[in-house]
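The following note sets out several points on the structure shown below.

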Amino acid sequence: MIRAAAFSGLLAALPFEAAAHQMIVFASVNCEAVLVEAKFSNGNAVQQADVRVLDGDNRLQSTLPIQTDGTVSVPLDSVDHTGGLVIEVDTGSHDNYWIVTPEDIAKNCQS
């Protein structure tokens, strides 16, 4: 009986534990680069992660380490961005992504 109560208590706590550690990824374009930011739901910056940049056809273009402030800059001239980009951030235990569309790039570059 005690084991069942403890187990059900553990199961009830799991969703809160998972929610406390979600990672948020955001990317913006300034016409020269895609600026990527990653943080946890508690506001702390992601300090160690690989940032993978894929083109619109899901082909890997680049892999960069995230900076200790949770950011990385991806120069647009270093990747094929004509079909948009998928920015994936992976800490090893958490991952998330952001899609940069061709329209996002064109709008921010006024082209």
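1. In this predicted model, three strands form an open sheet in the order β1-β2-β5, with antiparallel pairing. Strands pair if DSSP finds at least two bridges between them; the strands themselves (E, at least two residues) and helices (H or I, at least four) are DSSP runs, numbered from the N terminus. Because β1 (23-29) and β5 each have a single partner strand, they stand at the edges, and one side of each is left without a neighbour in the sheet. From one strand to the next, the twist averages 20 degrees, with axes fitted as lines to C-alpha atoms and angles running from 0 to 180 degrees between N-to-C directions.

2. Concerning the basis of these values, the model is predicted, so that local features need pLDDT of at least 70 and side-chain atom pairs count only at pLDDT 80 or more, while totals for chains, interfaces and linings use all residues. Residues are numbered from 1 along each chain as its sequence is written, and side-chain values use heavy atoms, with hydrogens and water left out.

3. Strand β2 (residues 33-40) and β5 run antiparallel and are joined by five bridges. Among them, Ala33 stands opposite Pro75, and Leu35 has Ser73 as its bridge partner. In a regular strand, side chains alternate between the two faces of the sheet. In β5 (residues 71-75), Val72 and Val74 form the covered face, whereas Thr71, Ser73 and Pro75 form the uncovered one.

4. The structure holds one aromatic pair. The criterion takes rings of Phe, Tyr and Trp (its six-membered ring) with centres within 6.5 Å, and calls planes under 30 degrees apart stacked, over 60 edge-to-face and the rest tilted. The pair links distant parts of the chain, since Phe26 belongs to β1 and Trp98 to β7 (residues 95-100), 72 residues apart. Phe26 counts as partly exposed at 37% relative accessibility, and Trp98 is likewise partly exposed at 28%; buried means under 20% relative accessible area, exposed over 50% and partly exposed in between (1.4 Å probe, protein chains only).

5. Asp55, in strand β3 (residues 50-55), counts as buried because its relative accessibility is 2%. A polar atom of the Asp55 side chain lies 2.8 Å from the backbone nitrogen of Arg59. Leaving aside neighbours within four places in sequence, Asp55 is in contact (heavy atoms within 4.5 Å) with Gln61, Asp80, Gly84, Leu85 and Val86.

6. Which residues other than glycine deserve a check for positive phi? Cys31 has phi near 85 degrees; this residue lies in the loop between β1 and β2 and is partly exposed, with a relative accessible area of 36%. Asn58 has a positive phi of about 65 degrees; Asn58 lies in the loop between β3 and β4 (60-65) and is exposed, at 53% relative accessible area.

7. As to the overall fold, two helices and seven strands follow the pattern α-β-β-β-β-β-β-β-α along the sequence. Of the 111 residues, 27% are buried. Among contacts between residues at least 6 apart in sequence, 48% join residues at least 24 apart. The protein exposes about 7,200 Å², of which carbon and sulfur atoms supply 54%; this area comes from the Shrake-Rupley method with a 1.4 Å probe.

Definitions and conventions. Polar contact = N/O pair within 3.5 Å; in protein donor to acceptor, adjacent residues only side chain to side chain.
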